[in-house]
There are 2 protein chains.
Amino acid sequence: MAAVKSDIEIARAASKKPIQEIGAKLGIPSEHLLPYGHDKAKISAEFISSVQNNEDGKLILVTAINPTPAGEGKTTTTVGLGDGLNRIGKKAMVCLREPSLGPCFGVKGGAAGGGYAQIVPMEDINLHFTGDFHAITSAHNLLSAMIDNHIYWGNALEIDTRRVAWRRVMDMNDRALRQIVCSLGGVTNGFPREAGFDITVASEVMAILCLASDLKDLERRLGDIIIGYRRDKSAVYARDIKADGAMAVLLKDAMAPNLVQTLENNPAFVHGGPFANIAHGCNSVVATTTALKLADYVVTEAGFGADLGAEKFFDIKCRKAGLKPAAAVIVATIRAIKMNGGVKKDDLGAENVAAVKKGCANLGRHIENVKQFGVPAVVAINHFISDTDAEIEAVKAYVRSMGAEAIVCMHWAKGSEGTVELAERVVALAESGSAQFSPLYADEMPLFEKINTIVRRVYRGSEAIADKAVRDQLHQWEQAGYGNLPVCMAKTQYSFSTDPNLRGAPVDHVVPVREVRLAAGAGFIVAICGEIMTMPGLPKQPSSEKIFLNDAGYIEGLF
Amino acid sequence: MAAVKSDIEIARAASKKPIQEIGAKLGIPSEHLLPYGHDKAKISAEFISSVQNNEDGKLILVTAINPTPAGEGKTTTTVGLGDGLNRIGKKAMVCLREPSLGPCFGVKGGAAGGGYAQIVPMEDINLHFTGDFHAITSAHNLLSAMIDNHIYWGNALEIDTRRVAWRRVMDMNDRALRQIVCSLGGVTNGFPREAGFDITVASEVMAILCLASDLKDLERRLGDIIIGYRRDKSAVYARDIKADGAMAVLLKDAMAPNLVQTLENNPAFVHGGPFANIAHGCNSVVATTTALKLADYVVTEAGFGADLGAEKFFDIKCRKAGLKPAAAVIVATIRAIKMNGGVKKDDLGAENVAAVKKGCANLGRHIENVKQFGVPAVVAINHFISDTDAEIEAVKAYVRSMGAEAIVCMHWAKGSEGTVELAERVVALAESGSAQFSPLYADEMPLFEKINTIVRRVYRGSEAIADKAVRDQLHQWEQAGYGNLPVCMAKTQYSFSTDPNLRGAPVDHVVPVREVRLAAGAGFIVAICGEIMTMPGLPKQPSSEKIFLNDAGYIEGLF
């Protein structure tokens, strides 16, 4: 048996087509493709405008059970399904998030799929790509610099320096920047105050870029950003310090979706990448809505498990962009189901049908939840070589008992050949017209009730609890006109509860809302339940120590 | 008379050719051009390797008198001369530095030339361009994060946290970040220490990228960076924490020169942009040496006036890259000469031949200095509409008395038509074979003597002075094997002395060397004479307040 190739070896051996050929598959003339090298391109705003009257294709969401250290393969399945749909004769494309640069140098591998279900050029996609995240970093930090500059030159807006809400960002895992004191060193450097950095994907600018419908909407949302508060607690906006125009200028190119290809030369948009905890965790609205105008099937993914990712995809992205998903795929692996059934990572190699059966409770909960939104679901079992027939049959039987179907997928090893059955089932579901999408709660529902609705109906907790300060804050925002915003839950991705170790399908837990934040530009209220890290650190032996250019000039060690 | 068009209006009206056509003028096949949009491209490393046996063209340096608030137009003249050389039938191209993003939002206009002597696309060049500076920022800050991470996880290398020499960078004018305390907030965030940010162009990584001959040399230099010192003052290198490989990976694309075009569709490389005070202030060696393989004439510029810019170009860049300039152009304006002659900015409109004659001393000094390096010089008078015939004649007569020639150039208003005479004179100088370039001092000269040589022979001061700590530091470096490095002077650009208000041609001043720094990766010793700002601030009304996208999607207010 031949040695298993690494992701980067497979990606490097890909026979890529010129990006103009990939664009042509979608009917994009080459003058509307702004190339970045020979294998990446941005789509011009003019072209996007020109296709607005096309009929929409069908939108397929790929989501997953709660993540475990065993890995689920959501991105890989998204890519594999896209290729599978093309293989059975559908005009299909995938829409993915852009990976963040910082985590590449920590422990995380790439985020461009794996095995024979990848998007390429994977090195570029995982590093600077087309510069979108750098543009977001620049726009974010321009606003930061203008705030401290405003204070320095007399603070006409009377911003309370203890209440500056806008931090700085860097696309790097750098725990030393989480909490700093800035403006030290005397008069010429300003007024010392506490400050800090988040990683770029946690920037509200990222969420804004991913929710904005066009450049005008982008600029309006940037102006709506709350940068801080006065002593009387009234808000000061980015518009007040006249930063919105220059920020939009910095983001002009970043707003254009990026076209790349799968290993099987099918088109993929890779655009935007907001955090899936303090933001909504989906690729950009512009990319998804444009893809729907160009393809009959658009496969996209949401961050984390379905409790967080799919809920936000439905309640924030679909609600705001008017999207109506036709079907959902819930990705699971036998290994991850076993971990949800109580097996430790080191014991995953051994067959354990009982644990599989127990762990299926987690999967079942996600199936029920997706159906609550009126979206029909199918389960994709992302196959590992260690899976046994008995384990697979246990999952299939369980899923049948839930009124759905589980299909084994082998895209990692076989590409589209391994997803034909899944693709056919997705088409059947989507064309059945059974989808009746609606969000979980109405815009008009009071904010805390929205949180409670998610806690009860999605997390199956008994209730959300919050102290008076949090509830008062929500009331204040309602009075200020923000009551109609959706809620963005920030909670551990590992459990339906706020305890990351509570796997499976817990019930009746209490969900404490520690803090709430208003993302007035992005247009949601963040409810923070538990510790949320917005600036990661590097591990003891960061992967950056092993990354280098080999003698042929190729990148080694990135994955 | 028609209204004078702004730079951005002229640039926007340019009839640009596809970048493949521009590349073809240099014999670059389109598969070796990595396009960024339709009007920018990077040159592949393979192509650069393939032309190494070509004969070199002639290298022309454009430098200037000491800058004044009146403006000199060095970049504009570089572009105009390049176009002029093409106009008279020479195969010529220009090599410029990339502008920094941060200052665009302060007071500074663009840095892509002006009037009818510009490089395009000017908005892109002045903003994100091809992402080189973002890559440098990432590589720099990865090293920073790895240093604090190393300390966090036990500090096996025993770095003294008070002696971390490597700061962080951001391509933004943000005075609040000059001096900070980082790693606050408790155990999980590390060990609190003093730190700070410089602007990206001040990064040693920028200087390294601009001096490296190829990717291997780049990685070696990155490894040589001194990141800090132990309690016993021994140095710790970037190589010791294994950051060099990943940094090189981040800089892989940034090492490739960027091809754009002038308004007259002539090729231009725009690549690299180190500070002209704490670094050497020239575009990249890779761009210049590649250009020399592709064109018969390569026109390039150095930062600030000839005392700083040309001296470093000769003593650092040409010395290290083995370049032999064939001629130099010293740019002056009547207005700037008058300011050097004592006229205030508000009085520049009135004819003042006496002040012109007085101010010519500054110009004369630069002519003498350039000749000291064995490079023949011609003076370009960058014409303004307010210049009078008598003033121009006074400069011409003075320059003749110095054994050189001054030529009026009107490229700002007329493009290449306005530089034909200059181009012809440059060709005559270059083809005369009179150039006998040699650096000012030998590699073997002791470090402090190198500084003194520059002070005496270029600045015409009486001597450099420094306290014992500075001299001891230089001796230590000599003992550690760094004695053969050239010296990079960091001093005010406004005067031959260290007093920015001392215009003209002062003599016998003393030059105090306040501090010395070792840029072991870049390969020079920085001698800091006076206050040097490595992180600018924004003015009271930053230009970012007036920058926005208009209804047609064009950028307004950038220039």
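**Figure 1. Surface through which chain A and chain B meet.** Of the interface residues of chain B, 99% are also interface residues in chain A, so the copies meet through the same surface; contact here means heavy atoms within 4.5 Å. The model is predicted: local features need pLDDT of at least 70 and side-chain atom pairs count only at pLDDT 80 or more, whereas totals for chains, interfaces and linings use all residues. Residues are numbered from 1 along each chain as its sequence is written, chains are lettered from A and ligands numbered from 1 in the order in which they are written, and side-chain values use heavy atoms, with hydrogens and water left out.

**Figure 2. Helix 7 and helix 10 of chain A.** The axes of helix 7 (residues 132-152) and helix 10 (residues 244-251) of chain A come within 8 Å and cross at roughly 165 degrees. That makes helix 7 of chain A roughly antiparallel to helix 10 of chain A. Axes are lines fitted to C-alpha atoms, for helices over the stretch in contact, and angles run from 0 to 180 degrees between N-to-C directions; angles under 35 degrees count as roughly parallel, over 145 as roughly antiparallel, 65 to 115 as roughly perpendicular and the rest as oblique. Helices (H or I, at least four residues) and strands (E, at least two) are DSSP runs, numbered from the N terminus. The crossing of helix 7 and helix 10 of chain A is right-handed, the near helix being turned clockwise from the far one by less than a right angle. Helix 7 of chain A contributes A:Ala135, A:Ile136, A:Ser138, A:Ala139, A:Leu142 and A:Leu143 to the contact, and helix 10 of chain A contributes A:Ala246, A:Met247, A:Leu250 and A:Leu251. By class, this contact has nine nonpolar, one polar and no charged residues (Ala, Val, Leu, Ile, Met, Phe, Trp, Tyr, Cys and Pro count as nonpolar, Asp, Glu, Lys and Arg as charged, and the others, Gly among them, as polar).

Figure 3. The strands form an open sheet of mixed pairing in the order 20-23-22; two strands pair if DSSP finds at least two bridges between them. Strand 20 (487-490) and strand 22 (515-519) of chain B stand at the edges with a single partner strand each, so one side of each is left without a neighbour in the sheet. On average, neighbouring strands of this sheet are turned by 25 degrees against each other, direction ignored. Strand 22 and strand 23 (residues 524-528) of chain B run antiparallel and are joined by five bridges; B:Arg517 has B:Val526 of strand 23 as its bridge partner. Helix 12 (residues 306-321) of chain B packs on the sheet, touching strand 20 and strand 23, and its direction makes about 170 degrees with that of strand 20. Helix 19 (residues 468-482) of chain B also packs on the sheet, touching strand 22 and strand 23, at about 20 degrees to the direction of strand 22.

**Figure 4. Helix 18 against helix 19 in chain B.** Helix 18 (residues 447-457) and helix 19 of chain B pack at an angle of about 120 degrees, with their axes 8 Å apart. That makes helix 18 of chain B oblique to helix 19 of chain B. B:Leu447, B:Phe448 and B:Ile451 of helix 18 meet B:Arg471, B:Leu474, B:Trp477, B:Glu478 and B:Tyr482 of helix 19. The contact residues divide into six nonpolar, no polar and two charged.

**Figure 5. Sheet of chain A.** Three strands of chain A form an open sheet in the order 20-23-22, with mixed pairing. Strand 22 and strand 23 (residues 524-528) of chain A pair in the antiparallel sense over five bridges, and A:Val516 stands opposite A:Ala527 in strand 23. Helix 18 (residues 447-457) of chain A lies across strand 20 and strand 23, running at about 50 degrees to strand 20.

**Figure 6. Backbone details in loops.** The peptide bond from A:Val120 to A:Pro121 is cis, with omega near 5 degrees; A:Pro121 is found in the loop between strand 6 (117-120) and helix 6 (122-126) of chain A. A:Asp508, although not a glycine, has a positive phi of about 65 degrees.
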